[in-house]
Amino acid sequence: MRLWSIHPKYLDAKGLVALWREGLLAQNVLLEKTKGYKNHPQLLRFKQTLDPQAAIGTYLHAVVDEADRRGYKLHREKIVNSNSSINLPVNSGQVQYEFEHLLNKLKIRDIKRYNKLHSIKKVEIHPIFEEVLGKIEAWEII
């Protein structure tokens with residue numbers, strides 16, 4: 001499971017659809033509708049909020065917004081709860097790590113997108129996050 005901290009606009013089609021599926025899985029875990037993935041490290045930052053279900057729903061809204069922008073049809077009604085005032089911190093080191101991780105994936109599966117993105121210096125983050133100075137998050141599996 002990868003719940004990207006970087007803005008969904010950077011993902012290729014395969015990555016965006018995978019993010020949607022994984023976000024829905026995360027939502028089901030936080031709704032206690034599944035037994036698997038309960039302790040997945042990617043869920044920690046959502047679990048640490050006052051309302052984890054609203055946090056993941058807010059996260060998913062930005063994913064659907066990006067899909068809409070591209071003309072993809074994801075089902076927004078699958079999002080159970082959200083709260084647009086939720087902001088979560090993300091370390092600057094995490095953002096850089098994830099962007100490099102994505103570039104490595106794109107180098108293999110979408111070279112055109114890689115060529116378009118590889119020279120970006122200031123990476124935009126997912127709208128739910130607020131970037132703070134710091135290293136790669138402790139929950140990240142490297």
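Is Gln27 buried or exposed? At 4% relative accessibility, Gln27 counts as buried (under 20% relative accessible area, with exposed over 50% and partly exposed in between; 1.4 Å probe, protein chains only). The model is predicted, with local features requiring pLDDT of at least 70 and side-chain atom pairs pLDDT 80 or more, while totals for chains, interfaces and linings use all residues. Residues are numbered from 1 along each chain as its sequence is written, and side-chain values use heavy atoms, without hydrogens and water.

View 1. Helices are DSSP runs of H or I with at least four residues, and strands are runs of E with at least two, numbered from the N terminus. The Gln27 side chain lies 2.9 Å from the backbone oxygen of Lys78. Beyond neighbours within four places in sequence, Gln27 is in contact (heavy atoms within 4.5 Å) with Ile56, Leu60, Lys78, Ile79, Val80 and Asn81.

**View 2. Helix 3 (residues 52-70) and Gly71.** Just after helix 3, Gly71 has a positive phi of about 85°.

**View 3. The largest nonpolar core, with 38 residues.** Such a core joins buried Ala, Val, Leu, Ile, Met, Phe, Trp, Tyr and Cys residues through side-chain atoms within 4.5 Å. Residues with the most contacts inside it include Trp20, Phe46 and Phe129. Helix 3 gives the most to this core, eight residues. Excluding residues up to four places away in sequence, Phe46 touches Leu3, Leu30, Pro52, Ala55, Ile56, Tyr59, Leu88 and Phe129.

How values were computed
A polar contact is a pair of N or O atoms within 3.5 Å; within protein, one must be able to donate a hydrogen and the other to accept it, and residues adjacent in sequence count only if both atoms are side-chain atoms. The expected span of a helix is 1.5 Å times one less than its number of residues.
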